[in-house]
Amino acid sequence: MVAQDETGILRVSSKTPVGPLAGAIANAMYEHVPDLRMRAIGHGAVGQGVKAAAIASGYVAPRAMALALIPGFEEIDVPKTPDCPSGRTTAQILRIISL
């Protein structure tokens, strides 16, 4: 199952299976979601998001649809830990738009 937060952003981790995530992206394209976003923290999560977008591109191609992946960044609040004492980190936001 693909996690989605209250704002509709797909949350991606390094352990997110790319098949279900690609399916969620494709379904959003079929439903004409204008601006789908994925939040990924860390390089493993970003890699999963990019792979899923590539697979989803293959899913939507037979319906004469195309998608584009637009990378971006945002700062988010996370629980304070020894690795992140400030409680803030930068997340990669991957926007997917229909072409």
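Start by selecting Gln48, which sits in helix α2 (residues 43–60); helices here are DSSP runs of H or I with at least four residues, strands are runs of E with at least two, and both are numbered from the N terminus. Before you go on, note that this is a predicted model, where local features need pLDDT of at least 70, side-chain atom pairs count only at pLDDT 80 or more, and totals for chains, interfaces and linings use all residues. Residues are numbered from 1 along each chain as its sequence is written, and side-chain values use heavy atoms, with hydrogens and water left out.

Is Gln48 buried or exposed? Gln48 counts as buried, because its relative accessibility is 12% (buried is under 20% relative accessible area, exposed is over 50%, and partly exposed is in between, with a 1.4 Å probe and protein chains only). Now show what is around Gln48: leaving aside neighbours within four places in sequence, Gln48 is in contact with Val12, Ser13, Ser14, Thr16, Val18 and Leu21 (contact means heavy atoms within 4.5 Å).

Hop across to Leu21 from that list. With neighbours within four places in sequence left aside, Leu21 is in contact with Val2, Leu10, Val12, Thr16, Met38, Gln48, Gly49 and Ala52.

Leu21 also takes you into the largest nonpolar core, where Leu21 is among the residues with the most contacts, along with Leu10, Ile25, Met38, Leu67 and Ile96. This core has 21 residues; a nonpolar core is a set of buried Ala, Val, Leu, Ile, Met, Phe, Trp, Tyr and Cys residues joined through side-chain atoms within 4.5 Å. Colour β2 (10–12), α1 (18–30), β3 (36–40), α2 and β5 (88–98) to see the elements that give two or more residues to the core. Which of them gives the most? That would be α1, with 6 residues. As background, nonpolar side chains tend to be buried together in soluble globular proteins.

Stay with α1 and pick out Leu21, Ala22, Ile25, Ala26, Ala28 and Met29, which are buried. Look down the axis of α1: the buried residues fall within an arc of 160°, so they line one face of the helix (the arc is that of the directions from the helix axis to the C-beta atoms).

Ala26 is in α1 and counts as buried, at 2% relative accessibility. Ala26 touches Ala56, Tyr59 and Val60, not counting residues up to four places away in sequence.

Just after α1, select His32, which takes a positive phi of about 60°. His32 lies in the loop between α1 and β3 and counts as exposed at 64% relative accessibility. Ala64 has a phi near 60° too, a positive value in a residue other than glycine. Find Ala64 in the loop between α2 and β4 (67–77), where it is exposed, at 74%.

For a last stop, show Arg63 and Tyr30: the charged end of Arg63 sits over the Tyr30 ring, 3.7 Å from its centre (a charge sits over a ring if NZ of Lys or CZ of Arg is within 6 Å of the ring centre and within 35 degrees of the ring normal).
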